[in-house]
Amino acid sequence: MSKGKHRRPSKAVRMVTLAGVAGVAVAAPLMAATSANAASVDTWDAVAQCESGGNWSINTGNGYYGGLQFSQSSWNAAGGQAYADRADHATKSQQIAVAEKLLAMQGPGAWGCAGAGGLTAGGPKADVDTSGSSSRGTSTKSHADRSERQAPKQTAPKAAPQLQSDDEDDAPAPAPKQTAPKATPKSFKKGDGEYEVKAGDTLAKIAEAKKVKGGWQKLHELNKDIVEDADLIFVGQQLHLS
């Protein structure tokens, strides 16, 4: 459980309320943090650990977002819209950059966890890279900085090409893809052979069961007058076996 997640309106919230709307407070929010109003990345990490358990993309629905639990008005007032619509949609580095501006505006009292994180008004400016892409999706699970490079996607290795066999030309032709005789249409060529096609039959099954010399190819050749397509036979057809 995090501690002190802005349980009461922060100074940033009160400042925006006095200004009327977030957009009115323009000059102060965008001023850069100075060495007198800054904190190191380690310090911000400590504050985030207290505020959100170190989850920089958290949104629990309590009205505060991201690792440093910005209210929406605080995020807007400190120029956060330059990076993302809400703090939890921005990278860790971007959130720290906005926090530096908020610290310069409001001081450490803007965070309930300032004491626990060792946040003070004076400190070295955080060295962060805000060029990472922010995300518009929400998540409460990722604790990683979204600006970090993602691992390359891996795809299944392609099957090795098969070498052509010298005997390939002599290999038997594959059996037709037919799985079962089709439903009997209103009209079809029945034939007058000695074998009647039954449900579940295929030319390959019939040739094997009746030991037709030459296999299904020979059976098809013997019955070309009624079986135009080797993949298509009908229940009730009378096939010649020799």
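Reader: Is glutamate 196 buried, partly exposed or exposed?

Author: This is a predicted model, in which local features need pLDDT of at least 70, side-chain atom pairs count only at pLDDT 80 or more, and totals for chains, interfaces and linings use all residues. Residues are numbered from 1 along each chain as its sequence is written, and side-chain values use heavy atoms, with hydrogens and water left out. Buried means under 20% relative accessible area, exposed over 50%, and partly exposed in between (1.4 Å probe, protein chains only). With a relative accessible area of 40%, glutamate 196 is therefore partly exposed.

Reader: Which residues does glutamate 196 contact, leaving aside its neighbours within four places in sequence?

Author: Glutamate 196 belongs to strand 3, residues 195-196; helices (H or I, at least four residues) and strands (E, at least two) are DSSP runs, numbered from the N terminus. Its C-alpha atom is separated by 4.5 Å from that of glutamine 238, 42 residues apart along the chain. Contact means heavy atoms within 4.5 Å. Leaving aside neighbours within four places in sequence, the contacts of glutamate 196 are Asp201, Gly236, Gln237 and Gln238.

Reader: Is glutamine 237 buried or exposed?

Author: Glutamine 237 lies in the loop between helix 7 and strand 4 (238-239). Leaving aside its neighbours within four places in sequence, glutamine 237 is in contact with Phe188, Lys189, Lys190, Tyr195, Glu196, Val197, Ile226 and Val227. Its C-alpha atom is 7.1 Å from that of lysine 189, 48 residues apart in sequence. With a relative accessible area of 1%, glutamine 237 is buried.

Reader: What is the C-alpha to C-alpha distance between histidine 240 and leucine 222?

Author: Histidine 240 is placed in the segment after strand 4 and is partly exposed, with a relative accessible area of 24%. Not counting residues up to four places away in sequence, histidine 240 touches Asp192, Gly193, Glu194, Leu219, Leu222 and Asn223. Histidine 240 and leucine 222 are 18 residues apart in sequence, and their C-alpha distance is 6.3 Å.

Reader: How many helices and strands does the protein have?

Author: Read along the sequence, the pattern is α-α-β-β-α-α-α-β-α-α-β. The secondary structure comes to seven helices and four strands.

Reader: Are helix 2 and helix 4 roughly parallel or roughly perpendicular?

Author: Two packed helices are described by the angle between their axes and the distance between the axes. Axes are lines fitted to C-alpha atoms, for helices over the stretch in contact, and angles run from 0 to 180 degrees between N-to-C directions; under 35 degrees counts as roughly parallel, over 145 as roughly antiparallel, 65 to 115 as roughly perpendicular and the rest as oblique. Helix 2 (residues 41-52) and helix 4 (residues 92-106) pack at an angle of about 95°, with their axes 11 Å apart. The two helices are therefore roughly perpendicular.

Reader: Which residues of helix 4 meet helix 2?

Author: On the side of helix 2, the residues are Val41, Trp44 and Asp45. Among these, valine 41 is partly exposed at 24% relative accessibility, and its C-alpha atom is separated by 5.2 Å from that of alanine 126, 85 residues apart along the chain. In helix 4, the residues that meet helix 2 are Lys92, Ile96, Ala99, Glu100 and Leu103.

Reader: How many residues of helix 4 are buried?

Author: Helix 4 reaches 20 Å from its first C-alpha to its last, close to the expected 21 Å; the expected span is 1.5 Å times one less than the number of residues. Glycine 107, with a positive phi near 85°, follows helix 4. Helix 4 is largely enclosed by the rest of the structure, because the buried residues number 15 of the 15.

Reader: Is lysine 211 buried or exposed?

Author: Glutamine 69, in the loop between strand 1 (64-65) and strand 2 (70-71), counts as buried at 1% relative accessibility. Lysine 211 lies in the loop between helix 6 (203-209) and helix 7 (215-222). At 72% relative accessibility, lysine 211 counts as exposed.
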